[in-house]
Amino acid sequence: MIWLALVGSAVAEESRENVFSIGLGQTLFNGDMTAAEVSIRHQRWELGGVILGQGDTSEGAQERLGYAASITRMLRPGWEWCRGSVYGRVGLAYVDGSPLVGHFNFRTGVGIDFRGFSLEYQHLSSASLTRLNTGIDVIQFRIPF
């Protein structure tokens with residue numbers, strides 16, 4: 001019975017269509033830059049656009065704004081933690097203007113969705129498929145509307 005309740009809540013969450021989100025975040029580990037994201041989720045898929053601010057990175061200064069676009073598959077196993085719903089994501093991203101990664105990357109993330117906002121850790125990298133692969137790590141506060 002508990003399993004059915006978890007699956008039912010996960011399906012109910014995924015059935016919401018066309019959820020827009022705005023995210024504000026900060027890079028971690030390899031850089032000190034701000035990040036802003038606008039995204040739209042349709043069922044289990046999310047399309048997002050990110051702007052990375054100027055700042056310092058472990059590979060030198062990011063002297064201009066960086067841009068990224070991604071498509072990810074949202075994974076909602078139905079787990080709860082601290083009264084929030086745990087989710088994950090995996091997908092592809094195109095990044096322009098970052099000294100940390102090349103143009104084509106993978107985007108992964110894990111987050112906790114509370115009823116009015118979510119907190120998410122995300123990582124962009126080429127998984128060592130390209131020479132430039134330091135990676136971009138972001139912690140982000142997201143608000144759906």
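**Close-ups: a cavity and some salt bridges**

**View 1. What lines the largest cavity.** The lining of the largest cavity is made up of 10 nonpolar, four polar and one charged residues; here nonpolar covers Ala, Val, Leu, Ile, Met, Phe, Trp, Tyr, Cys and Pro, charged covers Asp, Glu, Lys and Arg, and polar the others, Gly among them. This is a predicted model, so local features need pLDDT of at least 70 and side-chain atom pairs pLDDT 80 or more, while totals for chains, interfaces and linings use all residues. Residues are numbered from 1 along each chain as its sequence is written, and side-chain values use heavy atoms, with hydrogens and water left out. Of the 15 lining residues, Val 50, Leu 52, Ala 68, Gln 122 and Leu 124 sit nearest the cavity centre. Strand 4 (45-52), strand 7 (66-75), strand 9 (84-96), strand 11 (118-125) and strand 12 (136-144) each give two or more residues to this lining. Strands are DSSP E runs of at least two residues, helices H or I runs of at least four, both numbered from the N terminus.

**View 2. The cavity in the whole fold.** Searching the whole structure turns up one cavity of 30 Å³ or more (grid points, 1 Å apart, where a 1.4 Å probe fits but cannot get out; lining atoms lie within 4 Å of a point). The space inside the largest cavity comes to about 90 Å³, counted as what probe spheres on the points fill. Around it, the chain has one helix and 12 strands. Of its 145 residues, 41% count as buried (under 20% relative accessible area; exposed is over 50%, partly exposed in between, 1.4 Å probe, protein chains only).

**View 3. Arg 107 meets Glu 37.** These two side chains form a salt bridge at 3.0 Å, N to O (a Lys or Arg side-chain nitrogen within 4 Å of an Asp or Glu carboxyl oxygen). Arg 107 belongs to strand 10 and Glu 37 to strand 3 (residues 34-42), so the pair ties together parts 70 residues apart in sequence. Both Arg 107 and Glu 37 are buried. They also belong to a salt-bridge network with Glu 46, Arg 89, Glu 120 and Arg 142.

**View 4. Asp 96 with Arg 64.** Here the closest N and O atoms of the salt bridge are 3.6 Å apart. Asp 96 is in strand 9, and Arg 64 is in the loop between strand 6 (60-62) and strand 7, so parts 32 residues apart in sequence are tied together. Asp 96 is partly exposed at 25% relative accessible area, and Arg 64 is partly exposed at 43%.

Key: On a 1 Å grid over the protein atoms alone, a cavity is a set of points where a 1.4 Å probe fits but cannot get out, and a pocket is an open set with protein on both sides within 12 Å along at least five of seven lines; lining residues have an atom within 4 Å of a point.
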